[in-house]
Amino acid sequence: MALKQRSTERRAIALDIFITHKFEYSARWKTKDLSLHGALINMAHDDLPANSEVEAILALKSRNGVEHHRIPARIVRVGEMGVALRFQGYGNRTYLVLRRLLYGSGVRATPPPSGGTLH
């Protein structure tokens, strides 16, 4: 079986990512890799099923402190290697931050605030 060509490059980037689902689920995980279109995360494969609509929240350092980027996503694959998310759209600011994170320019991941809550 031939592998499909990816439209954007994936990079092995480990950073904290919050995954929320409705008002029923919220947990912090680590990314294994990241692209402009999605992420593979170390999420337990039995936490949420494939096709679940989630929100991925990245907390990244910037010149102005910490910025939280909320990205609507869908779980597209669940397996032993982790959970694959496909991002479902985001604004220009998040796009620029993801590009800088993937291809350089000084954007760095930061741990979320203590207590696991976001402001």
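**View 1. Glu55 and its partner Arg70.** Glu55 is partly exposed, with a relative accessible area of 27%. Buried means under 20% relative accessible area, exposed means over 50%, and partly exposed lies in between (1.4 Å probe, protein chains only). The structure is a predicted model, in which local features need pLDDT of at least 70 and side-chain atom pairs count only at pLDDT 80 or more, while totals for chains, interfaces and linings use all residues. Residues are numbered from 1 along each chain as its sequence is written, and side-chain values use heavy atoms, with hydrogens and water left out. Glu55 forms a salt bridge with Arg70, and their closest N and O atoms are 3.5 Å apart. Because Arg70 lies in strand S5 and Glu55 in strand S4, the pair ties together parts that are 15 residues apart in sequence. A salt bridge is a side-chain nitrogen of Lys or Arg within 4 Å of a carboxyl oxygen of Asp or Glu. Arg70 also counts as partly exposed, at 40% relative accessibility. Side chains of opposite charge can pair when their charged atoms come close.

**View 2. The salt bridge of Glu53 and Arg74.** By the rule above, the count comes to 5 salt bridges. One of them joins the side chains of Glu53 and Arg74, with 2.2 Å from N to O. Glu53 lies in strand S4 and Arg74 in strand S5, so this pair ties together parts that are 21 residues apart in sequence. Helices (H or I, at least four residues) and strands (E, at least two) are DSSP runs, numbered from the N terminus. Glu53 is partly exposed, with a relative accessibility of 38%. Arg74 is partly exposed at 27% relative accessible area.

View 3. Glu67 is buried, with a relative accessible area of 17%. Its salt-bridge partner is Arg93, the closest N and O atoms being 3.3 Å apart. This pair links distant parts of the chain, with Glu67 in strand S5 and Arg93 in helix H1, 26 residues apart. Arg93 is partly exposed, at a relative accessible area of 39%. The side chains of Glu67 and Arg93 also make a polar contact, at 3.3 Å. A polar contact is a pair of N or O atoms within 3.5 Å; within protein, one must be able to donate a hydrogen and the other to accept it, and residues adjacent in sequence count only if both atoms are side-chain atoms. A polar contact of 3.1 Å joins the side chain of Glu67 to that of His69. Leaving aside neighbours within four places in sequence, Glu67 is in contact (heavy atoms within 4.5 Å) with Leu58, Ala59, Leu60, Ser62, Arg93 and Val97.

**View 4. Helix H1, residues 92-103.** H1 has 12 residues and reaches 16 Å from its first C-alpha to its last, close to the expected 16 Å. The expected span of a helix is 1.5 Å times one less than its number of residues. Which residues of H1 are buried? They are Thr94, Val97, Leu98, Leu101 and Leu102. These residues cover an arc of only 130° around the axis, which puts them on the same side of H1. The arc is that of the directions from the helix axis to the C-beta atoms. An α-helix has 3.6 residues a turn, so residues three or four places apart point the same way. What covers the buried residues of H1 includes strands S2 (25-34), S4 (53-62), S5 (65-79) and S6 (82-87). H1 is followed by Gly104, whose phi is positive, near 110°.

**View 5. Thr94 in helix H1.** The relative accessibility of Thr94 is 9%, so this residue counts as buried. Leaving aside its neighbours within four places in sequence, Thr94 is in contact with His69 and Ile71. The C-alpha atoms of Thr94 and Leu58 are separated by 9.6 Å, and the two residues are 36 apart along the chain.

**View 6. Strand S6 and the strands that pair with it.** Of the 6 residues of S6, 5 are buried, so the strand is largely enclosed by the rest of the structure. Two strands pair if DSSP finds at least two bridges between them. S5 and S6 are antiparallel and pair over 6 bridges. They form a hairpin with 2 residues between them. Arg77 stands opposite Ala84 in S6. Strand S3 (residues 38-41) is also joined to S6, by 4 bridges, and these two run antiparallel. Ile41 has Val83 of S6 as its bridge partner.
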